[in-house]
Amino acid sequence: MTDNSVNVKEIENLIKIISKLPGLGPKSAKRIVLKLINNKEEIIKPLTNTLAEVYKNIIRCKICGNLKSINSICSCSSKKYEQICVVENIADMWVIESTGIYKGHYHILGGTLPSLESKKDDGLLIKSLIDRVSKNSIKEVILATSATVEGQTTAHYIQDSLKNMNVKISKLAQGLPVGGEIEYLDDGTLFSAFKNRGPVATD
Ligand SMILES: [Zn+2]
């Protein structure tokens with residue numbers, strides 16, 4: 001820290017770690033640390049235990065990419081289902097879940113393919129998606145990747161990988177946002193809107 005308001009090593013370290021969390025800078029990290037220190041029994045103690053438990057027990061399922069407890073069987077292997085919604089990461093899944101629009105199973109890729117040229121699915125759970133589709137006789141795969149170039153590249157790659165399987169593949173409509181002027185759209189959105197264009201209704 002550059003200022004002298006904090007000069008206890010343990011506290012400095014804690015501030016450094018907390019300021020790495022999303023949405024927090026050094027200022028709010030300091031406020032949080034102060035709150036923690038003033039509530040050692042009520043907050044630090046249970047927080048320490050909970051963090052240790054999460055560190056020990058929570059892992060990513062190697063099949064669907066979702067978080068699971070190390071000792072439990074993931075719901076991707078324990079239940080029967082016919083639909084899979086494919087997302088890039090867990091945060092995306094949580095956003096879709098919170099809308100309540102879809103209550104089925106998810107497949108979390110763990111990122112996107114970098115570009116059309118390098119179709120190496122390093123670490124992405126694409127092969128396990130194909131396995132899931134065939135093993136569970138999945139009827140519909142919903143591709144919910146971002147409207148970015150990378151997200152769309154990934155969607156096309158998955159579409160391609162599943163094309164010989166008897167499964168319906170659908171994609172989120174990623175058209176022009178309401179009020180979105182073409183000039184101010186990013187390339188990915190425009191590309192997507194163009195590619196997914198449909199006939200104009202006439203009456
Ligand atoms: Zn799973």
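The model is predicted, so local features need pLDDT of at least 70 and side-chain atom pairs count only at pLDDT 80 or more, while totals for chains, interfaces and linings use all residues. Residues are numbered from 1 along each chain as its sequence is written, and side-chain values use heavy atoms, with hydrogens and water left out.

## Overall layout

Let us start with the chain as a whole. Its secondary structure comes to 8 helices and 6 strands. Here helices (H or I, at least four residues) and strands (E, at least two) are DSSP runs, numbered from the N terminus. Read from the N terminus on, the elements follow the order α-α-α-β-β-α-β-α-β-α-β-α-β-α. The chain has 203 residues, and 30% of them count as buried. The burial classes used throughout are buried for under 20% relative accessible area, exposed for over 50%, and partly exposed in between (1.4 Å probe, protein chains only).

## The zinc site

Which residues coordinate the zinc ion? The SG atoms of Cys61, Cys64, Cys74 and Cys76 do so, at 2.2 to 2.3 Å. Donors are N, O and S atoms within 2.8 Å of the metal (3.2 Å for Na, K and Ca), and water is not among the atoms, so sites may look incomplete. The angles among the 4 donor atoms of the zinc ion span 101 to 113°, and the site is tetrahedral. For four donors, that label asks for all angles to lie between 85 and 135 degrees. Along the chain, the donors of the zinc ion are spaced as C-x2-C-x9-C-x1-C. Cysteine 64 sits in the loop between strand E1 (58-60) and E2, whereas cysteine 76 belongs to helix H4 (residues 75-78), so this pair ties together parts that are 12 residues apart in sequence. Cysteine 64 and cysteine 76 are both buried.

## A nonpolar surface patch

On the surface, Val54, Ile58, Leu67 and Trp94 form a nonpolar patch with about 370 Å² of accessible area together. Patches are made of residues with over 30% relative accessible area and no salt bridge, where like charges are joined within 9 Å and nonpolar side chains (Val, Leu, Ile, Met, Phe, Trp, Tyr) within 5 Å. The areas come from the Shrake-Rupley method with a 1.4 Å probe; for residues, only the protein chains shown count as cover. One member, leucine 67, is found in strand E2 (residues 67-69) and is partly exposed, at a relative accessible area of 40%.

## Salt bridges

Side chains of opposite charge can pair when their charged atoms come close. The rule used here asks for a side-chain nitrogen of Lys or Arg within 4 Å of a carboxyl oxygen of Asp or Glu, and the count comes to 5 salt bridges. The table includes some of them.

| Salt bridge | N to O distance |
|---|---|
| Glutamate 41 and lysine 45 | 3.6 Å |
| Lysine 168 and glutamate 140 | 3.9 Å |
| Aspartate 160 and lysine 163 | 3.5 Å |

Glutamate 41 and lysine 45 are 4 residues apart in helix H3 (residues 40-57), which separates them by about one helical turn. Glutamate 41 is exposed, with a relative accessible area of 55%.

The side chains of lysine 168 and glutamate 140 also meet in a salt bridge. Lysine 168 is in strand E6 (residues 168-171) and glutamate 140 in strand E5 (residues 140-143), so the pair ties together parts that are 28 residues apart in sequence. Buried or exposed? Lysine 168 is exposed at 52% relative accessible area, whereas glutamate 140 is buried at 15%.

In the pair of aspartate 160 and lysine 163, aspartate 160 is partly exposed at 45% relative accessible area and lysine 163 is exposed at 54%.

## The aromatic pair

The structure holds 1 aromatic pair. Tyrosine 102 and tyrosine 106 form it in an edge-to-face arrangement, with 5.2 Å centre to centre and 90° between the planes. Rings of Phe, Tyr and Trp (its six-membered ring) pair if their centres lie within 6.5 Å; planes under 30 degrees apart count as stacked, over 60 as edge-to-face and the rest as tilted. Tyrosine 102 and tyrosine 106 are both buried.

## Individual residues

Threonine 189 has its place in helix H8 (residues 187-195) and is buried, with a relative accessible area of 13%. Threonine 189 and alanine 147 are 42 residues apart in sequence, yet 5.6 Å apart in space, C-alpha to C-alpha.

Glutamine 152, in helix H7 (residues 149-161), is buried at 2% relative accessible area.

Key
Tetrahedral: all angles 85-135°; square planar, octahedral: opposite > 155°, others 65-115°.
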